[in-house]
Amino acid sequence: MSKMMVKAGNVRIGGGAQISVQSMLNTPAHDIEGSVLQAKRLEEAGCDIIRAAVPDMEAVKLISALKEEVNVPIVADIHFDYKLALECVAAGVDKIRINPGNIGSEDRVKAVADACRNNGIPIRIGVNSGSLEKSILAKYGHPTAEALCDSALYHASLLEKFDFTDIVLSMKSSSVPTTVKAYEVASQRTNYPLHLGVTEAGTEYSGIIKSAAGIGSLLLHGIGDTIRVSLTADPVKEVKAGIELLKSVGLREEGIRFVSCPTCGRTKIDLISLANDIQDKLAGVNKSITVAIMGCAVNGPGEAKEADIGVAGGDGCGLIFAKGEILYKVPEDKIVDALMEEINKL
Ligand code: SF4
C-alpha cells in the first residue's frame with residue numbers, strides 16, 4: 001500500500017486506508033436521469049467511488065446532478081479539454097481523471113492544478129498501453145511495464161511543477177503480466193497511491209478472471225490502494241466482482257463469505273440450484289458470517305467447520321449445521337427457508 005494518501009470526498013485512497021472499489025457509468029453522458037439511476041444502483045451495490053465520462057460542457061450538468069442525488073464520491077473522466085476539468089471542479093466533483101500531458105500548455109496544467117488544490121480535489125493520472133507518448137514508445141519499442149510507468153510519472157511531473165502532489169496513478173494494460181509488472185515497478189519508483197485495473201479485460205467471464213489474476217496478485221503483494229474491475233457488462237457486476245475480489249484476498253471482512261462445494265458423485269440433492277438460490281437471497285444481507293452449502297454429510301460439515309451456518313445434502317433432505325455440528329434435518333424443499341431463518345437469527 002502506498003505511503004501517500006489522498007481524499008476523494010470522504011473516501012481515503014492510500015496511506016493504509018481500506019481499499020476502495022470503483023466503477024464507471026456506461027449510460028450516455030447526456031442522459032442525466034438514466035445516469036443518476038445507474039449511479040444509485042452502483043451505490044446500493046456497495047460502490048465506493050463512481051466515475052462518469054465528461055466529454056463536453058453539456059455533460060458537466062451530470063456532475064451536478066450526481067452530486068445532488070448520490071452520496072458516493074464522483075470522479076469526472078476528462079480527455080484533452082482543461083476547461084471541462086475547471087467546470088467540473090466548479091460543479092463540486094470529488095476527483096478528476098485527466099492526463100496533464102494531453103491538455104496542452106503549462107498555463108492550462110497550472111489552471112487545473114490550482115483549481116484542484118484550492119478545492120482539495122485529487123487528480124488521477126491514468127495511462128494505458130494504447131496511449132503512450134511517442135518518445136516513450138520510441139525508447140522502449142513497445143508498451144512495456146517500464147514504459148507505462150515512465151509515462152505515468154511524466155504526467156505526474158507536469159503537476160509537480162506546480163506543487164501539486166494530490167495524485168493517484170494507474171497504468172493499465174490489457175495484458176495481465178504487463179499490468180502486474182507495471183504496478184510492481186511503480187510501487188518501487190513512487191509513493192503515490194495506485195489505482196489498480198486491467199484495461200479492456202473483456203466480457204463478464206474472462207474479465208473477472210483477468211482482473212482477479214492481475215489485481216488479486218498485486219493486492220496479495222501489498223500493492224494497490226483502489227481498484228476497478230473493468231467488464232464489458234453492467235457496471236453493477238464490476239462492483240460485485242471488486243468486492244468479492246477484496247474478500248477473497250482477505251482485504252474486506254464485512255458481508256457474507258459464501259462457501260459451496262463443487263459437488264461430486266456423493267451429491268444427492270440439486271445443490272447447484274440450491275447454492276444459487278441461497279446466494280441470491282443473501283445479496284441483501286449485511287452480516288459478517290460464513291455460509292456453507294455442501295453436497296454431502298460425509299465430508300460437508302467437517303470441510304466447512306468454520307462456517308457459522310450451513311447445509312449438508314442428504315438423500316432428498318438437508319442437514320442444517322453450525323460450526324461443524326449438525327443441528328437438525330429438513331426435507332429438500334425446506335432447506336432454503338430453514339437456512340434463511342437460521343441466518344436471520346445470527
Ligand atoms: Fe462431494 Fe461431499 Fe465434498 Fe461436496 S462435500 S464435493 S458432495 S464429498
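This is a predicted model: local features need pLDDT of at least 70, side-chain atom pairs count only at pLDDT 80 or more; totals for chains, interfaces and linings use all residues.
Where do Asp-114 and Lys-110 lie, and how many residues apart are they? Both sit in helix H4, four residues apart, which is about one turn of the helix.

Asp-114 and Lys-110 form a salt bridge. Asp-114 counts as partly exposed at 21% relative accessibility, and Lys-110 counts as partly exposed at 38%.

| Salt bridge | Closest N and O atoms |
|---|---|
| Asp-114 and Lys-110 | 2.8 Å |
| Arg-252 and Asp-48 | 2.8 Å |
| Glu-106 and Lys-161 | 2.6 Å |

Glu-106 lies in helix H4 and Lys-161 in the loop between helix H6 and strand E8, so their pair ties together parts that are 55 residues apart in sequence. Glu-106 is partly exposed at 44% relative accessibility, while Lys-161 is exposed at 52%.

The salt bridge between Arg-252 and Asp-48 links distant parts of the chain, 204 residues apart. Arg-252 is in the loop between helix H9 and strand E11, and Asp-48 is in the loop between helix H1 and strand E4. Arg-252 is buried at 8% relative accessibility, and Asp-48 is buried at 19%.

What about disulfides? The count comes to zero. For Cys-47, the nearest cysteine sulfur is that of Cys-88, 18 Å away. Cys-47 is buried, with a relative accessible area of 4%.

Finally, Asp-270, Asp-277, Asp-280 and Glu-332 form a negative surface patch. Glu-332 is found in the loop between strand E15 and helix H12, and is partly exposed at 31% relative accessibility.

Technical notes: Residues are numbered from 1 along each chain as its sequence is written. Side-chain values use heavy atoms; hydrogens and water are left out. Patches are made of residues with over 30% relative accessible area and no salt bridge: like charges are joined within 9 Å, nonpolar side chains (Val, Leu, Ile, Met, Phe, Trp, Tyr) within 5 Å. Accessible areas come from the Shrake-Rupley method with a 1.4 Å probe; for residues, only the protein chains shown count as cover. A salt bridge is a side-chain nitrogen of Lys or Arg within 4 Å of a carboxyl oxygen of Asp or Glu. Lys and Arg count as positive and Asp and Glu as negative; His and the chain ends are not counted. The place of a charge is taken as NZ of Lys, CZ of Arg, CG of Asp or CD of Glu. Helices (H or I, at least four residues) and strands (E, at least two) are DSSP runs, numbered from the N terminus. Buried means under 20% relative accessible area, exposed over 50%, partly exposed in between (1.4 Å probe, protein chains only). A disulfide is a pair of cysteine sulfur atoms within 2.5 Å.
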